[in-house]
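This report covers the overall fold, the surface, the model confidence and two selected residues. The sequence and structure come next.

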Amino acid sequence: MNRITQCMHGRGTVSGVMKHRHMAQADVPSTYLAFTGMYRPVVFWNITDRCNLSCTHCYSRSGPDRTTVGELTTSEAFGVIDDLAAMGVPLILFTGGEPLMREDLWELAHHARSRGLKMALSTNGTLITPDVARKIRECGIEYAGISLDGARAETHDRFRHSPGAFDKACSAFAACNEAGLRCGVRVTLTKENKNELGDIVDLALALGASRFCLYWLVPAGRASDSYARLQLDRAGVVEALDVLYRKAKETDPAAMEFLTVDAPQDAIHLLESMEKDGSEDLADARGLLESLKGGCSAGTRVANIDTRGNVYPCQFARAGEFLVGNVRDRPFSTIWADTGNPVLARFRKKQALFTGRCGVCGYRDICGGGCRVRAHAANGDFLAEDPFCYVTDPKN
């Protein structure tokens, strides 16, 4: 995760990171969670594969045809929550599918709150009415990330294969704001919506979003089928990063923060842009990024539990060879602490072994070699260069 706003407007944040770095994660303010030095991860938990939409870029192939077969039961999910609480994870992010289609979501959230856990929700927004928004807030979920993949209904609805999805998503922001529930925009940028990026940012501000999170396409799930057709080329990536940098520079950081996900190398563009601008925050930004010790959080600060209890390094690394374990066999805390697990070892100790451009690039202390899922998907080599990296002149 590349925290653009925090780096650009983060004077004083480095001292804050150092102050909170070794505190119990439950006591760490959310502002600093991304920079903690512990292996107690933010858990992206796919609680169902059911969804009322069937989106082109879905990493889990969710849709209306999926069933509850194999899903963790309520009792099993309670056990996972108890284990995560005892372990001290900083946040559970309930996702899917569409998490609001899981009938016991409210029970799970109430149980997690009773155990002192922080929670967020990732949703397509189409099921959020004013009553649902209040219910989300009242059960202890503090934030809802709502997908918005176009500034126009035509673009968003085409992505979502659902006429009317755009209007319902926009209404969800109004419902969340009325309920006092913090909400933000999640957009997956592709060739089909890249020209609307600036307008999507403006729309997010108008809708009252407190966060703008740009996801790059990853070849996982249904997105694998359209990856070659939809993925941006280098020029498109640089153009998008330029837009985000300009918008983040113009936007009051108290109004909305900007982030990108799934491409740690975005931090290189950020630092170069700040250097060109002569930013007073450049040194602090570099310090924050270096504190992450290599970009990608998969297998360290991020984990994924799927609907059947399988554990993966992140929600996009769900190929069979990336399976870490299953919570039906061993508690998550035991799985995550297993220093002999070969999958976790690959994600945690990878840098010195890179090949291709990543093997000789001097930026890898910042980006950590980009996304290993994309590298593996390209040719089956986990340690190959990230083919999505826009850097053409690696620093030595």
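## Fold and dimensions

The predicted model contains 17 helices and eleven strands. Its radius of gyration is 20 Å, close to the 21 Å that the globule rule gives for 396 residues, so the protein is as compact as a globular protein of that length. Along the principal axes, the C-alpha atoms occupy a box of roughly 55 × 50 × 45 Å.

Of the contacts between residues at least 6 apart in sequence, 72% join residues at least 24 apart.

## Burial, surface and charge

Buried residues account for 61% of the 396 residues.

The charged side chains number 47 positive and 48 negative. The centres of these two sets are 3 Å apart.

## Confidence

The mean pLDDT is 91, and 91% of the residues reach 70 or more. Residues 17–21 have pLDDT below 50, and this stretch makes 13 contacts in the model beyond near neighbours in sequence. Residues 30–37 also have pLDDT below 50; for this stretch, 27 contacts are found in the model beyond near neighbours in sequence.

## Leu 100

Leu 100 sits in the loop between strand E3 (92–95) and helix H4 (105–114). Its relative accessibility is 15%, and because the cut-off for burial is under 20%, Leu 100 counts as buried.

Leaving aside residues up to four places away in sequence, Leu 100 touches Leu 105, Trp 106, Leu 121, Thr 123, Leu 127, Ile 128, Val 132 and Ile 136. Two of these partners, Leu 105 and Trp 106, fall within the residue range of helix H4 (105–114). The C-alpha atoms of Leu 100 and Thr 126 are 9.7 Å apart in space, with the two residues 26 apart in sequence.

## Val 243

Val 243 lies in helix H10, which spans residues 234–250. Val 243 has a relative accessible area of 15% and is therefore buried, given the cut-off of under 20%.

Apart from residues up to four places away in sequence, Val 243 touches Leu 197 and Gly 198. Leu 197 is 46 residues from Val 243 along the chain, and the C-alpha atoms of the pair are separated by 7.6 Å.

Note on methods
Residues are numbered from 1 along each chain as its sequence is written. This is a predicted model: local features need pLDDT of at least 70, side-chain atom pairs count only at pLDDT 80 or more; totals for chains, interfaces and linings use all residues. Side-chain values use heavy atoms; hydrogens and water are left out. Helices (H or I, at least four residues) and strands (E, at least two) are DSSP runs, numbered from the N terminus. The radius of gyration is taken over C-alpha atoms; the globule rule is 2.2 Å times the number of residues to the power 0.38. Buried means under 20% relative accessible area, exposed over 50%, partly exposed in between (1.4 Å probe, protein chains only). Contact means heavy atoms within 4.5 Å. Lys and Arg count as positive and Asp and Glu as negative; His and the chain ends are not counted. The place of a charge is taken as NZ of Lys, CZ of Arg, CG of Asp or CD of Glu. pLDDT is the predictor's confidence in each residue, from 0 to 100.
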